[in-house]
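Please look through the sequence and the model below before reading on.

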Amino acid sequence: MADQPVDKKSTHKKFGARHKARRRAVDLLFEAEARDIDAADLLGERVELAAHDQAVAPVHAYTHTLVGGVAEDLDRVDGTIESYLQDWTLSRLPAVDRAILRIAVWELFHAGDVPPVVAVDEAVELAKELSTDDSPAFVNGVLGQVVLIAPQVRAAAAATRAVQPPEM
């Protein structure tokens with residue numbers, strides 16, 4: 001029997017624009033931490049660079065949303081992650097896992113158009129692509145706990161916005 005060519009495209013999951021945006025957000029958060037600079041500043045650099053250099057890919061709007069959101073709410077996001085790490089600290093996690101968890105927690109708390117199951121599945125998929133063999137299960141376990149409190153966090157944020165006077 002002759003060898004049949006294998007269609008590699010059919011064996012790989014196809015990823016959409018949001019998955020690619022999340023992956024770029026992970027890259028940017030990882031780089032910002034490695035360089036010890038603010039993620040929002042790095043994002044601004046990349047947006048500016050892409051505007052002037054066609055060799056640099058433009059920053060997807062959702063990547064901008066994720067990186068900006070995580071940077072703005074980093075203390076709460078990190079505190080939430082840390083509270084669900086058992087016998088572990090955030091600083092001991094691989095940096096890529098921190099970035100993945102930060103994005104997923106931010107989405108669970110703030111991205112009303114992203115169903116919780118999608119945020120968790122995307123984070124697990126990113127961990128499979130970018131991190132250790134143990135990371136997908138670890139990320140899934142942490143986010144499985146965060147999912148339980150996410151509706152309350154979203155409701156509290158909505159209530160806070162409702163009572164704040166408009167800015168002048």
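Which residues are exposed on the other side of α5? This is a predicted model, in which local features need pLDDT of at least 70 and side-chain atom pairs count only at pLDDT 80 or more, while totals for chains, interfaces and linings use all residues. Residues are numbered from 1 along each chain as its sequence is written, and side-chain values use heavy atoms, with hydrogens and water left out.

Helix α5 spans residues 74-83, helices being DSSP runs of H or I with at least four residues, numbered from the N terminus. Its buried residues are Val77, Asp78, Thr80 and Ile81, where buried means under 20% relative accessible area, exposed over 50% and partly exposed in between, with a 1.4 Å probe and protein chains only. These residues lie on the same side of α5 because they cover an arc of only 160° around the axis, the arc being that of the directions from the helix axis to the C-beta atoms. On the other side of α5, Asp75 and Ser83 are exposed. The cover over the buried residues of α5 includes α6 (95-110) and α8 (135-163), contact meaning heavy atoms within 4.5 Å.

The largest nonpolar core has 43 residues, and those with the most contacts inside it are Ile100, Val139 and Leu143; such a core is a set of buried Ala, Val, Leu, Ile, Met, Phe, Trp, Tyr and Cys residues joined through side-chain atoms within 4.5 Å. Its largest share, 10 residues, comes from α6. Leaving aside residues up to four places away in sequence, Ile100 touches Val26, Ala123, Leu126, Ala127 and Val139.

In one of them Glu107 pairs with Arg22, the closest N and O atoms being 2.9 Å apart. Glu107 lies in helix α6 and Arg22 in helix α2, so this pair ties together parts that are 85 residues apart in sequence. Glu107 counts as buried at 1% relative accessibility, and Arg22 counts as buried at 3%.

Another salt bridge joins Glu33 to Arg102, with the closest N and O atoms 3.2 Å apart. Here Glu33 is partly exposed, with a relative accessible area of 31%, whereas Arg102 counts as buried at 11% relative accessibility.

Definitions and conventions:
Helices (H or I, at least four residues) and strands (E, at least two) are DSSP runs, numbered from the N terminus. A salt bridge is a side-chain nitrogen of Lys or Arg within 4 Å of a carboxyl oxygen of Asp or Glu.
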